[in-house]
Amino acid sequence: MQIYWTKINKIIDESPEVKTYMLDCPEGFTWEEGAHTHLAFEGFNAGEKPNRSLIRHMSISTLPHENSIGITTRIKEQCSEFKTILRNLDIGDEVALFKTHSNVPLKREDKNIYLLSSGVGLATFRPLVLDYLERADNVNQIHSLNIDSSKEYLFTTMFASAPEKKFTVQFVDNRGDYYEEVRKLSADKNGLFYIVGSDEFLVHNIDVLRNEGIQPEQMMLDKHEQKMAEFLSTNVSI
């Protein structure tokens, strides 16, 4: 396993509780849209076993041509040891990256794509949208639906409807409105539905979509193959 040590070059306050940490691109480090990586702090591998409290699985919210690795995350006032350490890091501090992979690349299959996310889960979709806006080949259109009860919606400059580019955006602040919109979107029986959020959020979305006749192979989750199969076989009613 290759570990890439790199430095923070910028910290962006996206909202009162959400920050994006921009990291230098180490030589040889590559990724594609929809990628996640493992972010770790100094000392995580000092013992016989990795210190898992110093490691987190995080989405990358940028594309390689932006020349920085973006890690966007919510940090609440009361938070974990990992988030506390992250909150106290500054420009120039070092972090480690390893095990980078994409479970949700942009599928170019001449279909409509629906991006369903909760809160900061939108960060996973930012690179997919950027990739689409730069090259729309073999994608009919993209619609993004995000629920965030804080109403501090993220990336509103990029996530703004552009009908001429066949890209539309919806933000809602409550579950009732959100799931009603998901049911409306599921009228497209050939669409591809990408879902990013907490495990509970994934299960509820899968349940709604399946009840509306959307097949498991039409749903893309930011989970590795085995975990994705477990989620897509789950049947939980809302």
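Which hand does the crossing of α3 and α4 have? The crossing is right-handed. The points below place this in context; the model is a predicted one.

1. Helix α3 spans residues 175-185 and helix α4 spans residues 199-211; their axes cross at roughly 45° and come within 9 Å. This angle makes α3 oblique to α4.

2. On the α3 side, the contact is made by Arg175, Tyr178, Tyr179, Val182 and Arg183. From α4, Glu200, Phe201, His204, Asn205, Val208 and Leu209 take part. By class, the contact of α3 with α4 comprises six nonpolar, two polar and three charged residues.

3. The largest pocket holds about 1000 Å³ of space. Its lining counts 36 residues, and those nearest the centre are Val120, Gly121, Val196, Gly197 and Ser198. Both α3 and α4 are among the elements that give two or more residues to this lining, as are β4 (55-59), β5 (69-74), α2 (122-134) and β10 (192-196). The largest share, five residues, comes from α4. The lining of the largest pocket divides into 10 nonpolar, 15 polar and 11 charged residues.

4. For the second largest pocket, the volume is about 240 Å³. Its lining residues include Met1, His38, Phe44, Arg52, His57 and Lys99. Two or more residues each are given by β4 and β6 (94-102), and β4 gives the most, with three. The residues lining the second largest pocket fall into five nonpolar, three polar and three charged.

Key:
Residues numbered from 1 in each chain as written. Predicted model: local features only at pLDDT ≥ 70, side-chain atom pairs only at ≥ 80, totals over all residues. Heavy atoms only, no water. Axes fitted to C-alpha atoms, helices over the stretch in contact; angles between N-to-C directions. Helix = DSSP H or I, 4+ residues; strand = E, 2+ residues; numbered from the N terminus. Parallel < 35°, antiparallel > 145°, perpendicular 65-115°, else oblique. Left-handed = near helix turned anticlockwise from the far one by under 90°. Contact = heavy atoms within 4.5 Å. Nonpolar A, V, L, I, M, F, W, Y, C, P; charged D, E, K, R; others polar. 1 Å grid on protein atoms, 1.4 Å probe; cavity = no way out; pocket = protein on both sides within 12 Å on 5 of 7 lines; lining within 4 Å. Points joined across faces, edges and corners; volume = space filled by probe spheres on them.
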